[in-house]
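This report concerns a metal site and a surface patch. Please view the sequence and the model before reading on.

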Amino acid sequence: MARTTTKDEIPVYNEEEREGLRRAGRFNAELMDFIRPYVQPGITTGEIDRLVYEYTLDHGHTPACLGYNGYPRSVCTSINEVVCHGIPDNTVLKEGDIVNIDLTTIVEGWYGDQSETFRIGEVSETASRLIQATFEALWVGIRAIKPHGRVFDIGNAIARHARKWRFSVVREYQGHGIGRQFHQEPGIPHYPDPRTKHIRIRPGMCFTIEPMLNQGTWRTVLDRSDGWTVRTKDGGLSAQFEHTILMTESGPEILTLTRHGPQEGHIFWKPE
Ligand code: MF3
Ligand code: CO
Ligand code: CO
């Protein structure tokens with residue numbers, strides 16, 4: 001456990017610990033930059049998993065997903081109506097699919113966690129709109145926070161944004177504190193959960209924001225045959241983006257920014 005905790009058991013990291021978090025976020029982002037060019041029509045999700053596994057080990061680090069609560073692979077690959085935790089297998093990515101790649105690594109004991117949703121070739125207008133709205137939702141969430149601000153403000157801003165687009169926000173899965181553990185306090189809901197109104201984001205806290213937006217209903221179904229794959233209840237599309245964020249005295253620091261990926265303001269879809 002982290003040395004310093006608040007009343008709510010949320011770790012507050014000192015400068016040395018923040019450096020550990022920064023190194024983990026930076027490596028995880030480099031891994032995303034490595035994998036991005038491979039996410040193309042014709043590749044299987046299993047091949048993506050192998051590339052992630054080998055790159056991570058070659059750099060002396062550990063895939064956090066592998067073996068986590070029995071999860072069998074190194075990455076989550078969630079295609080189309082899969083909301084999250086899709087397990088890589090021999091499924092081939094094909095033109096028109098959207099796929100979320102969610103990467104988490106452990107670097108010298110510290111975790112970094114991020115995801116992006118990719119378009120495979122040309123996709124439907126709805127798919128592009130959903131990805132645009134979800135990418136914006138992540139940034140709206142990031143821009144809603146300030147030192148000593150409330151966790152509530154993140155979900156509130158994200159839900160308002162999704163409503164403008166007439167997409168729904170998944171409620172059963174949320175962002176999370178992160179550090180020497182994968183998932184810890186505080187939970188970061190992407191909707192205005194009144195239970196988060198009194199939770200303050202103090203400088204030194206670290207957590208993810210990872211909104212999942214759905215084309216139709218926000219309700220999800222867990223695949224009981226593999227125990228992991230989460231799908232939309234109505235079979236509509238789902239998209240997600242995620243970053244790991246360190247709150248500092250002067251504002252949020254995004255630890256998992258990539259060099260080559262979409263930056264704040266990136267356009268996936270524009271109205272005609
Ligand atoms: N990376 C996911 C998250 O953002 C968690 C995946 S857990 C796994 O929290 F076991 F499915 F890999
Ligand atoms: Co993740
Ligand atoms: Co996460």
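A residue is called buried under 20% relative accessible area, exposed over 50%, and partly exposed in between (1.4 Å probe, protein chains only). This is a predicted model, in which local features need pLDDT of at least 70 and side-chain atom pairs count only at pLDDT 80 or more. Residues are numbered from 1 along each chain as its sequence is written, and side-chain values use heavy atoms.

**The cobalt site**

Donors are N, O and S atoms within 2.8 Å of the metal (3.2 Å for Na, K and Ca); water is not among the atoms, so sites may look incomplete. The protein donors of the cobalt ion (ligand 3) are D113 (OD), H176 (NE2), E210 (OE) and E242 (OE), at 2.0 to 2.2 Å. Along the sequence, these donor residues follow the spacing D-x62-H-x33-E-x31-E. D113 also bridges this ion and the cobalt ion (ligand 2), the two ions lying 3.3 Å apart. D113 belongs to strand β5 (residues 110-119) and H176 to strand β8 (residues 175-177), so that distant parts of the chain, 63 residues apart, are linked; strands are DSSP runs (E, at least two residues), numbered from the N terminus.

| Residue | Relative accessible area | Class |
|---|---|---|
| D113 | 2% | buried |
| H176 | 5% | buried |
| L57 | 39% | partly exposed |

**The surface patch**

L57 is located in helix α2 (residues 45-58), helices being DSSP runs of H or I with at least four residues. Together with Y53 and L66, L57 makes a nonpolar surface patch of about 240 Å².

Key: Chains lettered and ligands numbered in written order. Patch = residues over 30% accessible without salt bridge, like charges linked within 9 Å, V, L, I, M, F, W, Y side chains within 5 Å. Areas by Shrake-Rupley, 256 points an atom, 1.4 Å probe, with all protein chains shown as cover. Salt bridge = Lys/Arg side-chain N within 4 Å of Asp/Glu carboxyl O.
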